[in-house]
Amino acid sequence: MAQDLTPVRDGIDKIDNTIVELLKERLSLAKTIGKLKNESKRAKWDPLRERQIYERLTKLNDGVFPKDALHSIFHEIITTCRLSQQKIAVSYLGPEATFTHLAGVKYFGHSATYSPMESIADVFSEVEKGRTQYGIVPVENSIEGAVFSTLDSFMKFRTKICGEVRMEITHNLVCKSGDIKDIQTVASHTQPLAQCREWLRKHLPTCPTLPVFSTGAAAQMAANNPNIGAIASSLAIKTYELQVVVKGIEDYRGNTTRFLVIGKESPTPSGADRTSLLLGIKERPGALNEILSVIARAGINLAKIESRPIKGKQWKYLFFLDLMGHIDDQHIKDCCTTLKALCSYFEWLGSYPVTEESSPDA
């Protein structure tokens, strides 16, 4: 005879009821903290406190509950409670269901208000003008490299980097019918098209590709035209009621995109941070080597360096650098003071917590 499940299910219901009551209590306490922070004019977000919470919960869990799931659950709880202190509006490269949208949800949770923009420059503009508190933009891909429109926007707009998100990207070929025979054109953003180049050449050799400004836009086109296939996110499939033709058509596994969260102010130190700089080098022999030597002598890990031409000035470049550490760390602060004196142009773009996935020790 099958064992009666009723007592077990009653036990689960009792636990669920307790969880809901505790969540309500946690939300109330978070609102109280928000009021106290308003009175003392303290920042709503304390990244060090959040890191300590995750570390404590991971230790308390002792490996029983799956670590990634535990982190995901408490991330949603923490972000929801933080948003109860102040409602947050986030702009992103739209339309709805782009990978940038997914990255925003991963970082801010589902409780934030999301506003799609037509270009990366528009995201920067919304934040600079204060129409949204935060924006999220792609900055580099592990296969295709830097997203130059994002780097160029840092040269044009006055914002600060507040955080980063790293997402493993899986590309799906989708269309209205789900039948590959109906596809006459494949649309997507230029980076996904490049990341799926070999698959498309092998399986759809006669189909032209159509670059558009986002994967979400490609999904919209596929929803409106049965002969267009799109390379799009899993969220786009649900949003635009498309059918999957083939999953995972990227040429290389482990394809990861790094996104940056931009805002008006960078957060306080978390204990594991990254500092981004924008530098102009003086025209003299060994100038770049001098800059790199200053960083090396300070014992600072240079995580990234990228050059971009200055528009309107032939053969003039600015350099984007990522240093491991926070601007408030004394050795980073001293190094930046020296760099400022040596460079023709110096701008601190922000200091922000390193994501767990992107930690050098991970």
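Predicted model: local features only at pLDDT ≥ 70, side-chain atom pairs only at ≥ 80, totals over all residues.
Residues are numbered from 1 along each chain as its sequence is written, and side-chain values use heavy atoms, with hydrogens and water left out.

**Stop one: a helix.** Select Asp10, which sits in helix α1 (residues 6–40); helices are DSSP runs of H or I with at least four residues, strands are E runs of at least two, and both are numbered from the N terminus. At 46% relative accessibility, Asp10 counts as partly exposed (buried is under 20% relative accessible area, exposed over 50%, partly exposed in between, with a 1.4 Å probe and protein chains only).

**Stop two: a loop.** Go to Glu250, in the loop between β10 (243–246) and β11 (256–263). Is Glu250 buried or exposed? Glu250 counts as buried, because its relative accessibility is 8%. Leaving aside residues up to four places away in sequence, Glu250 touches Ile169, Thr170, His171, Gln195 and Cys196 (contact means heavy atoms within 4.5 Å).

**Stop three: a helix pair.** Finally, show α11 (residues 287–297) and α12 (residues 330–342). Here Glu290, Ile291, Val294 and Ile295 in α11 meet Cys335, Thr338, Leu339 and Leu342 in α12.
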